[in-house]
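Keep the viewer open as you read.

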Amino acid sequence: MTATFATGLLGWKASSKNKLAWPLVPNFADVDNAESIRIAAGVLEVLGVDREVNPAVPQAPGGPLEQAVCDHLGEELARRHPDREWLVGRGTVITGFDQYAHLSEVDALVRAHPELRITVGMDYLIRPDVTVGLGHVETASGLPPLHAAISCKWTIRSDRVQNIRHECLQMIRHRRGRQPHLVTVTAEPLPSRLASIARGTGEVDAVYHIAYDAMAASVAANANAEQADAWREVTGQRRVLSYEFLMATLAAW
């Protein structure tokens, strides 16, 4: 399945320099990687996106992806499970949720005693791109529990992989109570880069792709053996899933 908002974000952009010397390239492809361009172009073909620059497609889709995920989850979760109070937002610090309420006390101590920053650090104050909390749930802290923390990455690069893993590890280690669903939502077209975040020892529960079916079709038609193998690995292990399953998982848990 394809996320309902995907075609509003995916498109073509002008390119003066890329590996295939195309005048237009997909706006989610790595212009320095021919496989990335070919697979991404195949995704747009499957989605029926005309090969032209659409001014309605945002030039910098990272922020719009976060907002689209936030809006879509807020609307759909309320529709599918109206008896629960869904608290969906962007950039909310995790200390506002029950499992991490104690970190506010840690932060107050560190701010009162700056010398503690050397030993304690400040990287526990995480602001996930999108958070899903549950209202009307009785907790010891009086704060809502964090149901999911969603890292929205338009594409995947090595530095982003490390940032995602670090934030998820911090939320795993510092939580008091049930672990939230720690996931990534992306439009990355290169399977080997999807594998770089999907592989691991459980820091990230799953990677949800906004154009999963189109990716599967494009990989089958356009990918080389290495990329096809990486796709089979991450999808066969259910490390990379269709975006629709994020909604289903959050609504059911």
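A residue is called buried when its relative accessible area is under 20%, and exposed when that area is over 50%, with partly exposed in between. By that cut-off Lys-153 is buried, because its relative accessible area is 18%. Bear in mind that this is a predicted model.

Lys-153 has a partner: it forms a salt bridge with Asp-129, and the closest N and O atoms are 3.2 Å apart. The pair links distant parts of the chain, since Lys-153 sits in strand β5 and Asp-129 in the loop between α4 and β4, 24 residues apart. Asp-129 counts as buried too, at 16% relative accessibility.

Now look at the strand that carries Lys-153. Strand β5 spans residues 146-153, and eight of its eight residues are buried. On one side, four bridges join β5 to strand β4 in an antiparallel arrangement, with Thr-131 opposite Ala-149. Six bridges join β5 to β6, and these two strands run parallel; here Ala-149 has Leu-182 as its bridge partner. Together with helix α5 (residues 158-174), β5 and β6 make a right-handed β-α-β unit.

What surrounds Ile-150? Leaving aside residues up to four places away in sequence, Ile-150 touches several residues, including Val-69, Leu-73, Val-130, Val-132, Val-183 and Leu-246. Ile-150, Val-69 and Leu-73 touch the most other members of the largest nonpolar core, which has 71 residues. In soluble globular proteins, nonpolar side chains tend to be buried together.

Val-69 and Leu-73 are also among the buried residues of helix α2. The cover over that buried set includes β3, β4, β5, β6 and α9.

Asp-30 lies in the loop between β2 and α1 while Arg-193 is in helix α6, so the pair ties together parts that are 163 residues apart in sequence. Both Asp-30 and Arg-193 are buried.

Another salt bridge brings together the side chains of Glu-188 and Arg-157, at 3.4 Å from N to O. Glu-188 is in the loop between β6 and α6, and Arg-157 in the loop between β5 and α5, 31 residues apart. Is each buried or partly exposed? Glu-188 counts as buried, at 1% relative accessibility, whereas Arg-157, at 25%, counts as partly exposed.

Conventions
Residues numbered from 1 in each chain as written. Predicted model: local features only at pLDDT ≥ 70, side-chain atom pairs only at ≥ 80, totals over all residues. Heavy atoms only, no water. Buried < 20%, exposed > 50% of the residue type's maximum accessible area, 1.4 Å probe, protein only. Pairing = 2+ DSSP bridges. Right-handed = clockwise from strand over helix to strand, strands pointing away. Core = buried A, V, L, I, M, F, W, Y, C linked by side-chain atoms within 4.5 Å. Contact = heavy atoms within 4.5 Å. Salt bridge = Lys/Arg side-chain N within 4 Å of Asp/Glu carboxyl O.
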